[in-house]
Amino acid sequence: MTDATAAAAAETAAGFTERYGRTPVGVWSAPGRVNLIGEHTDYNDGFVFPFAIDQRASVAVGRRDDRVIRVSSTFTPDAVQVHLDGLSPESLDGWSAYPLGVVWALGQFGADLGTVPGVDLHISSTVPVGAGLSSSAAIESSVALALDEHWGLGLDRPTLAKVGQLAENRVVGAPTGILDQSASLLSHADAAVFLDCRSLDAEVIPLGLAADGLSILVIDTNVSHAHATGGYAARRASCEAGAKALGVESLRDVHVDDLERAATELDDETFRRVRHIVTENQRVLDTVRTLREHGAASIGPLLDASHVSMRDDFEISVAEIDLAVSTAQANGAIGARMTGGGFGGSAIALMIDGLVPVIEREVRREFAEQGYREPTIFVVRPSEGARRDS
Ligand code: GAF
């Protein structure tokens, strides 16, 4: 365990002790994610290629003799208390819907919530909220792994990812796919997860960034987004309508060669939504192949093309993200794109190490010139997925 991990675990344990007056039985953590490429493809049964970042949510767990669950966190003053017998999606709201939604969802995947003992949970997180870096999946995945191990449920990680997704879909009310929870649970250090969202086959592929002298910079625009409302659900509906009109189960079944015909069968907007998904799936495959054959320094044009597709066809970017991307590109980045669900959040830029201060400075300058909110900019290191820390 690194010093930073040990310190974070000790801090979460200390927070637990302060809230509940005793020591926890253990501390688990799970990371946020950057999606390198493959946006909105997950709920279309397609391909994604994310990696875990070095910001994590952490949960300390304490035993109870009764059937009560209490959950507290560093970001709210009050603990929320529920009884295991009364747990339902309708009974949960606010921030505690994430951890308690996971408890309910574990029951949907075989945990016998009628017999397990209660627990006290204390949560902290360093994943920025609303930045498109999956702060919610980090919480869900840490709690899912912690309770799986604490209660001895024996669920595997792909199933725990589905647990987090179900909590998000049914309890939080965001119609999201399996990308974020899979990244948080399946990632390894210095690698990305190539996930087929139809079969759920996952392959961990080394990125070799440090060895190649490369860095990935996150530019969080501080334009906040939420997937339980608005645009995200509308994009998902367009994809489903497009698949139905084309007579396929999902857009995964449409290939680049089919696009010419699709253009004649769909209205312009639906066609552009479909074209994004179809070409993005191909870009994920091309990225994985290029990475394997030529290394990360060669994937830049695919990242750039992905951004154009999200901006013009899927229309999920915002002016701040576009400026971050174009400024990074103009100042020598190998490639840059928005990451995550969109409508705000973060851009990523791949560059040689030496350009980090230059691109950071230029993005800050351009944002100030446009009168945009100051961005938060940092280098991310592809990191290990969910784990027990103490
Ligand atoms: C959000 C969702 F949670 C994911 O499931 C995925 O659809 C992503 O947006 C877009 O690729 O992070």
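## First stop: the mixed sheet

Begin by selecting tryptophan 28, which stands opposite valine 59 in strand E3. Before going further, note that this is a predicted model, in which local features need pLDDT of at least 70 and side-chain atom pairs count only at pLDDT 80 or more, while totals for chains, interfaces and linings use all residues. Residues are numbered from 1 along each chain as its sequence is written.

Now extend the selection to the strands E1 and E3, which run antiparallel and are joined by 9 bridges; helices (H or I, at least four residues) and strands (E, at least two) are DSSP runs, numbered from the N terminus. E1 and E3 belong to an open sheet of 6 strands with mixed pairing, in the order E5-E4-E6-E3-E1-E13, where two strands pair if DSSP finds at least two bridges between them. At its edges, pairing on one side only, are strand E5 (76-83) and strand E13 (387-388).

Next, colour two helices on this sheet. Helix H2 (residues 97-108) lies across strand E4 (68-73), E5 and strand E6 (119-125), running at about 150 degrees to E4; axes are lines fitted to C-alpha atoms, for helices over the stretch in contact, and angles run from 0 to 180 degrees between N-to-C directions. Helix H3 (residues 135-150) lies across E1, E3, E6 and E13, at about 145 degrees to E1.

Move to residues 335-339, strand E10, which together with strand E12 (376-380) forms the edges of another sheet, each pairing on one side only. This open sheet has 4 strands in the order E10-E11-E9-E12, with antiparallel pairing, and its neighbouring strands are turned by 25 degrees against each other on average, direction ignored. Between E10 and strand E11 (residues 346-352) there are 5 bridges, and methionine 338 has alanine 347 in E11 as its bridge partner. Helix H9 (residues 300-313) lies across E10 and E11 at about 40 degrees to E10, whereas helix H11 (residues 356-370) touches strand E9 (214-220), E11 and E12, its direction making about 15 degrees with that of E9.

The contact takes 29 residues from domain 1 and 36 residues from domain 2, two residues being in contact if their C-beta atoms, placed from the backbone, lie within 7 Å. On the side of domain 1 that touches domain 2, strand E1 (26-35), strand E2 (47-48) and strand E3 (50-63) each supply at least two residues.

## Last stop: the ligand

Which residues are the closest to the ligand? Select Glu39, Thr176, Gly177, Leu179 and Gly341, the closest of the 13 residues that surround the ligand; a residue is near a molecule if its C-beta atom, placed from the backbone, lies within 6 Å of it. The shell draws at least three residues from each of domain 1 and domain 2. By class, the shell has 2 nonpolar, 8 polar and 3 charged residues, where Ala, Val, Leu, Ile, Met, Phe, Trp, Tyr, Cys and Pro count as nonpolar, Asp, Glu, Lys and Arg as charged, and the others, Gly among them, as polar.

How values were computed:
Domain bounds come from an automatic or database domain assignment.
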